[in-house]
Amino acid sequence: MAETNISSGGRPALPMQGVPQPSRNEVLGLPRVHISTHPVMAHKMTALRDKNTQPPEFYRLVKEIGALLAYEATSNLALESVAIETPMEPMIGQRLAGGIGVTPILRAGLGLAEAFREVIPDVQVWHLGLRRDENTLQAMEYYNQLPHRVDLQVCYAVDPMLATGGSAIDAINILKRRGIPRLSYVGIIAAPYGLLKLSQTHPDIDIYIAALDESLNDRGYIMPGLGDAGDRQFGTL
Ligand code: PRP
Ligand code: URA
C-alpha cells in the first residue's frame with residue numbers, strides 16, 4: 001500500500017512526490033545510451049505526442065518509429081557468409097548469424113515488437129507481461145512466454161516508455177536469467193530518472209531511445225511525454 005503523508009491530508013502520497021530526479025543534462029553522456037537525432041524521427045515524435053492523434057494513427061506511428069529504432073539497434077549484429085547464386089553467377093553473400101529475439105513488455109511493447117518483425121521477419125517474439133502498480137510504481141509480472149531453449153545471438157526488450165525504469169530493469173533481469181548472451185533495451189521516450197537507473201543497474205546492455213524527456217511528474221508519468229502509451233495504442237482511453 002502507498003504511504004500517506006501529512007501534507008496530503010491522509011490521502012495516499014503520490015509515488016514520485018519529493019523524489020530527487022537527475023536532470024536531462026546529467027544523463028546525456030551515459031555510456032551505451034543511444035538517443036536518436038534523426039530529423040524524420042523528431043517529425044514522427046511530434047505527431048505521436050500530440051493529444052489529438054487518435055489510436056489508429058498512434059499505433060501506426062509507434063510502428064514507424066519502432067522500425068527506425070530497430071534499424072538503428074540492429075546496426076551491429078553479427079553476420080555470417082553464405083554461398084548463393086544470383087541470376088548472373090555464384091557469389092558469397094552475408095546473412096544474420098544466429099537467432100534474434102524481441103521481448104515486448106506487455107502490453108505497450110506490442111507495437112514496437114511488430115516493428116521489429118517488419119524489419120526482421122523471422123525474429124522470435126518472447127512475450128513478457130509486466131504491469132506497473134500505479135500507487136507504488138512497482139512492476140508485477142503477470143505473463144511469461146519465454147522459451148526454455150535459448151538459441152539467440154541477441155534479444156531486444158521493447159517498451160515505449162522508460163519512466164522509473166522498474167519495468168525495464170525487471171525485464172532485463174528476467175531475460176538475463178535465461179542466459180541470452182547479449183541484451184538491448186529499445187524504447188521511445190525515457191525520463192532521466194529511469195534512464196539513469198536502467199543504465200546503472202545494467203551497464204552491460206545497449207539502450208536505444210527516440211527521445212529523452214525532462215522529468216517524471218508526481219504520479220510517475222513522463223513529462224512532456226505522450227500520456228499512457230498502452231491506452232493510446234489500443235484505444236482504452
Ligand atoms: C507502462 C509502460 C511501461 C511502464 C513504464 O506500462 O508501457 O511498461 O509503464 O513505467 P516504469 O518505467 O515506471 O516501470 P503499464 O504498466 O502501464 O502497462 P500497459 O503497457 O499494459 O499499459
Ligand atoms: N507509462 C506510460 O504509458 N506513460 C508514462 O508516461 C509512464 C509510464
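Predicted model: local features only at pLDDT ≥ 70, side-chain atom pairs only at ≥ 80, totals over all residues.
Arg 107 sits in the loop that runs between strand S4 (99-106) and helix H4 (110-119), with helices (H or I, at least four residues) and strands (E, at least two) taken as DSSP runs and numbered from the N terminus. Residues are numbered from 1 along each chain as its sequence is written, and side-chain values use heavy atoms, leaving out hydrogens and water.

Another cis peptide bond links Met 223 to Pro 224, with omega about -5 degrees. Pro 224 belongs to the loop between strand S13 (222-223) and helix H7 (229-234).

Arg 32, in the loop between helix H1 (24-27) and S1, has phi near 65 degrees. Leu 137 has a positive phi of about 65 degrees too, and its loop lies between strand S6 (128-132) and strand S7 (139-144). Leu 137 is buried at 6% relative accessible area, whereas Arg 32, at 37%, is partly exposed; buried means under 20% relative accessible area, exposed over 50%, and partly exposed in between (1.4 Å probe, protein chains only).

As for strand S11 (residues 206-212), seven of its seven residues are buried. S11 pairs in the parallel sense with S1 (residues 33-35) over three bridges, where pairing takes at least two DSSP bridges between two strands. In this pair, His 34 has Tyr 208 as its bridge partner in S11.

Definitions and conventions:
Chains lettered and ligands numbered in written order.
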